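Have the viewer open as you read.

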Amino acid sequence: MSTSHHRSARARRPENSRSFPFLALIGALVLALGGCGLAGGTASDDRTISIVATDSPPYHDPLEIARRQLEVQGWQLDVRYVTDIVQPNHAVSAGEADFNFFQHGAYLQTFNRDNGTDVVPLFYVVGSPAGLYSTRYDDIAQLPDGARIALPVDPANNGRALHLLAEAGRLKLRDGAQVVTTSQRDIVDNPHRYSFVEVDQQTLTQTLPDVDAGFLFSRQAIEIGLDVEGSALLREKDVDAVPYRIVVGGRPDEVGSEKARALQAALHSPQVAAFFKQFYGDWAPLPWTEDPQAQLGQWWKDGGR
């Protein structure tokens, strides 16, 4: 992903600036005036919003709806789709894209901690409660002793199924274990002798037929034709899944920016709301009046150990 021409042009310096101090001073004044919107070709004239998104449902449709709405307002939405969960934060942190749209708040916090990036959640798009599913059993009580259960390997999601199992009384976690940092090492009692298979989150649907039960994101359950609520052995409630609401991420300097406000208005439109209701059903949470930055500390209580 290449840095925008505008950004690289502003970073370029004349090779002989030491030999021509007067010209260098004039150039600096032009750049300063440009930053104030007083010269052509400046950031204030940049009506392109670049965003990196995951190449899977339900990310395409909201962005296409937003693109059409932004065009009416004179904006161009430049979307780049990727198939992994690593590139988008690096692209934003490096200035190769303005925003990304693929992750929830817990994953973003974990990624920043582990990779030294500084990407912040600008606004929520949609809630995403997940659950434990099975192609072999219809009820959690049917899950046999010694069952093999698939979990996403990434730390931000690894403990979600464990907390669901603990809440159902199927195992016990250490006191005070926070869902966004829980892992198998937090299990203090496993009376049903469950064994856990950790896989990349992108392969959870492929793994499900090979295990007794497996964690799935709501969109994944929908992709393979499951009833996200009725088919779940166990399922998160939206109030418990606040860390897992999908956010748009950006650099700290984008907080409250014109671009961020324009994108938020487009993704919080009635047309996008209608899409999510059609995709997820009536349960789809749209926490558009809440601020993710104000909620980060609610689930990051043990410092992301």
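## Helix α3 and its neighbours

In α3, P62, L63, A66, Q69 and L70 meet A262, L263, A265, A266 and L267 of α10; contact here means heavy atoms within 4.5 Å. Sorted by class, that α3 and α10 contact has 9 nonpolar, 1 polar and no charged residues. For the classes, Ala, Val, Leu, Ile, Met, Phe, Trp, Tyr, Cys and Pro count as nonpolar, Asp, Glu, Lys and Arg as charged, and the others, Gly among them, as polar.

Before going on, note that this is a predicted model: local features need pLDDT of at least 70, side-chain atom pairs count only at pLDDT 80 or more, and totals for chains, interfaces and linings use all residues. Residues are numbered from 1 along each chain as its sequence is written, and side-chain values use heavy atoms, with hydrogens and water left out.

The two helix pairs look like this (helices, H or I of at least four residues, and strands, E of at least two, are DSSP runs numbered from the N terminus; axes are lines fitted to C-alpha atoms, for helices over the stretch in contact, and angles run from 0 to 180 degrees between N-to-C directions):

| Pair | Angle | Axis distance |
|---|---|---|
| α3 (60-72) and α10 (258-267) | about 120° | 8 Å |
| α3 and α11 (270-280) | about 165° | 9 Å |

The angle of about 120° makes α3 oblique to α10. On the scale used, angles under 35 degrees are roughly parallel, over 145 roughly antiparallel, 65 to 115 roughly perpendicular and the rest oblique. α3 passes α10 in a right-handed crossing, that is, with the near helix turned clockwise from the far one by less than a right angle.

With its angle of about 165°, α3 is therefore roughly antiparallel to α11. The crossing of α3 with α11 is right-handed. D61, P62, I65 and Q69 of α3 touch Q271, V272, F275 and F276 of α11, and those residues split into 5 nonpolar, 2 polar and 1 charged.

A cavity is a set of points on a 1 Å grid over the protein atoms alone where a 1.4 Å probe fits but cannot get out, and lining residues have an atom within 4 Å of a point. Points are joined across faces, edges and corners, and volume is the space filled by probe spheres set on them.

The largest cavity has a volume of about 210 Å³. Its lining has 17 residues, with Y59, F102, H104, Q201 and I246 nearest the centre. By class there are 9 nonpolar, 6 polar and 2 charged residues. Strand β3 (residues 99-104) gives the most to this lining, with 3 residues.

The second largest cavity holds about 30 Å³. P58, Y59, F101, V126, I246, F276 and Y280 line it, giving 7 nonpolar, no polar and no charged residues.

Most residues other than glycine have a negative phi, and most peptide bonds are trans. P57 and P58, though, are joined by a cis peptide bond, with omega about 0°. P58 sits in the loop between β1 (48-54) and α3. R193, not a glycine, has a positive phi of about 55°, and R193 lies in the loop between β8 (187-189) and β9 (195-199).

How values were computed: 1 Å grid on protein atoms, 1.4 Å probe; cavity = no way out; pocket = protein on both sides within 12 Å on 5 of 7 lines; lining within 4 Å.
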